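Hello,

Here is the structure I promised to pass on to you. Have a look at it first, and then read my notes below.

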Amino acid sequence: MPEPLLVAALGDIHGRFHRVETWLDALEQARGRPVGMVLAVGDVEAFRRADDHRRKAAKRTMPAEFAEYADGIRRVKRPLYFIGGNNEDFEALHDFQDGGELAPGVTYLGRSGSRELCGLRVAYLSGIHAPRFIEQPLRRPITQDLMKQAGYFRAAEVERVMPLRDMDLMLVHEWPRGIVQRAREENPTPPRPLPSYWIGNPVTRRLVDTVLPRWMLCGHSHKAFAVTLEGVGRPATRIACLDQASRPEESVFWLEYEGRTAVRAGWGVTGQVAWALDQRWDMASLPVPSVEPEGGDATVTAPV
């Protein structure tokens, strides 16, 4: 029998490519197997030129690390696939709406659709919801306003994903609306404070309720979160929301697959299992939160 496939997911990288490579090294050592692929849930900020990063990145104080990968000075050790968030190099990504390789081993999946990756069926939707722009055409981002608008998904992109079925994973940037309320209903005294109810959008919620992926991975709100959507006649969708990449404990999430079945999952790089097949996935599955901030790069509580 082949060994399980180890899939790593990353929260909003915001240009911090060097540190996440180090974290993935540690995860491989802890689990005793290589990471087969890495999935990033948006706000990657893969600016090809250092000057673009310094001028346009949301986290401008971070080093312009992706330029080294784009120039071939460094190379990722594992294939990295990412969706767009609302902070990206939209000028470059506009010519890759159906996806493309931005550097060796670094692939933008595109604005929406599905791929088979390492034998898994992966659906994805880039961007966040802005009701004013969802019906407007996507224009080349040649001004600051158009760059901001490029971070909003459009109706046609959502409709491209709606017919998909039998998906092992779905990647979105913004949370689906209502999952915080679901967590509150399940546990009126949750093990940690819950985020605000306003987090998430109804379009992504309609998407997950229609496609019914087995797992959904989210970013954007810079908080770790775990909940299961299920009901009578509805198969379970387990949702993992990831923190931004300031510390690995809640911004790195991993799944181990046997075939197309997820059999184990965990947070961070210690290799400790937080969930196994047939166990409940909810807020109790989260790691104990760290209380000591990282100097100069503490996790924020609101999306950028």
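Why is strand β11 (residues 234–241) largely enclosed by the rest of the structure? Six of its eight residues are buried, so the rest of the structure largely encloses β11. Buried here means under 20% relative accessible area, with exposed over 50% and partly exposed in between (1.4 Å probe, protein chains only).

Before you go on, please note that this is a predicted model, in which local features need pLDDT of at least 70 and side-chain atom pairs count only at pLDDT 80 or more, while totals for chains, interfaces and linings use all residues. Residues are numbered from 1 along each chain as its sequence is written, and side-chain values use heavy atoms, leaving out hydrogens and water.

Strands are DSSP runs of E with at least two residues, numbered from the N terminus, and two of them pair if DSSP finds at least two bridges between them.

Now back to β11. Strand β9 (residues 215–218) pairs with β11 in the parallel sense over four bridges, and Cys218 has Cys241 in β11 as its bridge partner. Strand β10 (residues 225–231) runs antiparallel to β11, joined by six bridges; here Leu229 is partnered with Thr237 in β11. β10 and β11 form a hairpin with two residues between them, and Gly233 in the turn has a positive phi of about 80°.

There is also an open sheet of eight strands with mixed pairing, in the order β4-β5-β3-β2-β1-β12-β13-β14. Its edge strands, β4 (100–103) and β14 (275–276), each pair on one side only. Within this sheet, β3 (residues 80–82) and β5 (residues 106–108) are parallel over three bridges, and Tyr81 has Thr107 in β5 as its bridge partner.

Enjoy exploring!
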